[in-house]
Amino acid sequence: MHRTLFAALAAVLVLSPVYAQQDSVARGERDFRVCAPCHSLEPDRNMTGPSLAGLWGRKAGSLPSFERYSDALKSSGILWDDRSLDGWLTDPDRMVPDNEMPFNGIKNPQDRADLLAFLKEATKPGAAPQRTAQAPMGGMGGMMGGMMGGGGQVPNLKSLEPNMQVKAITYCHDTYRVTTADDKTRHFWERNLRLKTDSSQDGPQRGAPAIVPAGMMGDRADVIFAAPEEISKMIMSRC
Ligand code: HEC
């Protein structure tokens, strides 16, 4: 009886480091959801924050394709490795005062270890996940995007369903009326419609702006144009 228990225990002890590591990576992947509205794992795909692809061994604030680094991060002299990343994720403001990452840090050491175990794998060259079709910005993603300054991920806007392709926008008093390619018109209070541009490969075709739901209540949306000069051309003041 004792011997069987012993054997079973021994097996658990031998196998557990492997399983523990896999569990950690899996938990870390879930934890990454708080970072994902701002950070992609694809090389040079920058959002509110820089792409994290190839992070280990990179100098802080040095990704050439990201143009919005704070001076504080650029001049921090940090090299990203297990230790420095653990410090950054514990309390970014303490490690780099005046940095511009709107994130308070993760206080639980196990949560940080999980996240770093996942990130270390997922940021290796060639490890970028398949680009998955992103859900439109409704639901949590949209809300977080809104809360975090509009960094939420958007679906590829090059080929749009008719109900997402904007044909016309009129503006009257405090109201926008947005007509889509399926000939439906929706109205928005002017403070609930955000006008944005996306010139990246994910952005809309020129002349074919997209409307994407934002927030959870269904009363807000983003209209995303290919370039800023399209905005005023598209909007007609008319009652
Ligand atoms: C609301 C947006 C936002 C969230 C959420 C966020 N970040 Fe950031 N992150 C940024 C911005 C912006 C910067 C650039 C900061 C600067 O230049 O001061 C940054 C910088 C970084 C850097 C430095 C990259 C480099 O090239 O030097 C790392 C690493 C990082 N973030 C990891 C994370 C991780 C991991 C999470 C999740 C736990 C996270 N961030 C959550 C916006 C965000």
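Trainee: Why is cysteine 35 called buried in this structure?

Mentor: In this predicted model, cysteine 35 has a relative accessible area of 13%.

Trainee: What makes cysteine 38 count as buried?

Mentor: Its relative accessibility is 11%, which is under 20%, and therefore cysteine 38 counts as buried.

Trainee: How do you know that cysteine 172 and cysteine 239 form a disulfide?

Mentor: Their sulfur atoms lie 2.1 Å apart. The cut-off is within 2.5 Å, so the pair qualifies as a disulfide. The count by this rule is one disulfide. Cysteine 172 belongs to strand E1 (residues 166–172), whereas cysteine 239 lies in the segment after strand E7 (235–237). The two are 67 residues apart, and the pair links distant parts of the chain.

Trainee: Why are strand E4 (193–197) and strand E5 (210–214) called edge strands?

Mentor: The open sheet has three strands in the order E4-E6-E5, with mixed pairing. E4 and E5 each pair on one side only. Neighbouring strands of this sheet are turned by 25° against each other on average, direction ignored.

Trainee: What makes E5 and strand E6 (residues 220–225) a pair?

Mentor: They are joined over five bridges in the antiparallel sense. Pairing requires at least two bridges, so E5 and E6 pair. Valine 212, for instance, has aspartate 222 in E6 as its bridge partner.

Terms used: Residues numbered from 1 in each chain as written. Predicted model: local features only at pLDDT ≥ 70, side-chain atom pairs only at ≥ 80, totals over all residues. Heavy atoms only, no water. Helix = DSSP H or I, 4+ residues; strand = E, 2+ residues; numbered from the N terminus. Axes fitted to C-alpha atoms, helices over the stretch in contact; angles between N-to-C directions. Buried < 20%, exposed > 50% of the residue type's maximum accessible area, 1.4 Å probe, protein only.
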